[in-house]
Amino acid sequence: MLITTPVSELQRIFGVPDRPNLRQSWNVAPTHDIPIIRWEEEEGRRLRLARWGLVPFWAEDPSVGARMINARAESVADKPAFREALRKRRCLVPLDGFYEWTAVGARKQGHVIRRRDRAPFALAGLWEVWRGPKGGPPLDMPLESVTVVTTTANATLSVLHERMPVILDAGDWERWLDPVTPVEDARALLRPAPEALLDVVPVGPRVNSVRNDDPSCLDPPPPDPRRKASDDQPTLF
């Protein structure tokens with residue numbers, strides 16, 4: 001993920017009072033803490049941090065979260081790990097973009113996907129609280145975690161992958177967050193983004209390693225040494 005919008009701007013866009021210590025990141029990976037917007041009773045919308053990779057409340061070990069970074073829209077209401085969160089703990093995941101990779105020979109080619117206008121946007125997420133293994137002492141600090149809901153890719157992204165995260169329209173944020181919204185109404189929001197909303201831009205190899213986290217993750221790929229100089233020349237037809 002790409003999360004670089006200042007907290008003050010997230011406050012304005014999402015209408016939240018909180019200003020957590022959120023640093024800019026150009027290469028957010030699973031198990032990292034990410035911002036979420038959720039509805040809290042008597043508090044309204046709040047901006048919190050949660051670990052990316054949902055740990056179900058009944059899990060014996062939090063390491064299971066590394067396998068639950070995504071939840072498929074088609075089965076999210078049925079899976080034991082997600083169905084309770086879908087009913088009661090829906091959230092928004094604000095970000096500026098995300099990455100997808102394709103295979104080019106023996107190497108991975110990264111691509112950054114962002115809105116065409118480069119504005120931040122929000123993914124459909126589910127959050128959960130893990131208080132420790134069943135039968136053991138509760139954690140002093142419960143673990144809050146989140147998963148991103150995915151759906152079938154639209155035509156823009158289908159050249160990269162068959163799936164894409166659900167991008168919620170700003171007009172749907174309130175319905176998704178409100179726990180009073182029936183599950184079936186919430187599920188109806190889990191659809192591919194409009195074709196014209198996003199663009200796909202190739203990036204260089206620095207993004208392939210989570211150790212790299214700076215603006216150079218967005219640098220373009222280096223020139224292909226196999227290309228001839230004449231390949232770059234314009235043609236009339």
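Arginine 23 sits in the loop between H1 and S1, where helices (H or I, at least four residues) and strands (E, at least two) are DSSP runs numbered from the N terminus. At 56% relative accessibility, arginine 23 counts as exposed; here buried means under 20% relative accessible area, exposed over 50%, and partly exposed in between, with a 1.4 Å probe and protein chains only. Leaving out residues up to four places away in sequence, arginine 23 touches Ile3 and Asp213, and such a contact means heavy atoms within 4.5 Å.

Before we go on, a word on the model. This is a predicted model, in which local features need pLDDT of at least 70, side-chain atom pairs count only at pLDDT 80 or more, and totals for chains, interfaces and linings use all residues. Residues are numbered from 1 along each chain as its sequence is written, and side-chain values use heavy atoms, with hydrogens and water left out.

**The chain as a whole**

How many helices and strands does the chain have? There are four helices and ten strands. Following the sequence, their order is α-β-β-β-α-β-β-β-β-β-β-α-α-β.

The radius of gyration, taken over C-alpha atoms, is 19 Å, which agrees with the value near 18 Å that a compact globule of 237 residues would have. The globule rule behind that value is 2.2 Å times the number of residues to the power 0.38. Along the principal axes, the C-alpha atoms fill a box of roughly 70 × 35 × 35 Å.

Of the 237 residues in the chain, 46% are buried. Take the contacts between residues at least 6 apart in sequence: 65% of them join residues at least 24 apart. The chain exposes about 12,800 Å², and carbon and sulfur atoms supply 53% of that area; accessible areas come from the Shrake-Rupley method with a 1.4 Å probe.

Charges come next. The chain carries 33 positive and 33 negative side chains, and the centres of the two sets lie 3 Å apart. Lys and Arg count as positive and Asp and Glu as negative, while His and the chain ends are not counted. Each charge is placed at NZ of Lys, CZ of Arg, CG of Asp or CD of Glu.

**Inside the chain**

A nonpolar core is a set of buried Ala, Val, Leu, Ile, Met, Phe, Trp, Tyr and Cys residues joined through side-chain atoms within 4.5 Å. Which residues of the largest nonpolar core touch the most other members? Of its 59 residues, they are Met1, Leu92, Leu126 and Trp176. Elements that each supply at least two residues of this core include helix H1 (7-14), helix H2 (83-88), strand S4 (90-95), strand S8 (143-152) and helix H3 (173-177). Strand S7 gives the largest share, eight residues. Apart from this core lies another, of seven residues, among them Leu2, Trp26, Tyr99 and Val203.

Tryptophan 176 has a list of partners beyond its neighbours within four places in sequence, including Leu86, Cys91, Leu92, Ala124, Leu126 and Leu190.

Another tryptophan to look for is tryptophan 130, in strand S7. Is tryptophan 130 buried or exposed? At 5% relative accessibility, it counts as buried. Setting aside residues up to four places away in sequence, tryptophan 130 touches Val55, Pro56 and Phe57, among others.

Asparagine 212 is found in the segment after strand S10 (198-203). Asparagine 212 is buried, with a relative accessible area of 18%. Beyond its neighbours within four places in sequence, asparagine 212 is in contact with Asn27, Arg206 and Cys217.

Most residues other than glycine have a negative phi. Glutamate 42, although not a glycine, has a positive phi of about 75 degrees. Glutamate 42 lies in the loop between strand S1 (33-40) and strand S2 (44-52) and is exposed, with a relative accessible area of 81%. Glutamate 41 lies in the loop between S1 and S2, and is exposed at 70%.

Arginine 118 is not a glycine either, yet has a positive phi of about 65 degrees. Its place is the loop between strand S6 (107-115) and strand S7 (121-130), and it is partly exposed, with a relative accessible area of 36%.

**Distances to trace**

These pairs can be followed from C-alpha to C-alpha.

| Pair | Apart in sequence | Apart in space |
|---|---|---|
| Glutamate 41 and alanine 77 | 36 residues | 23 Å |
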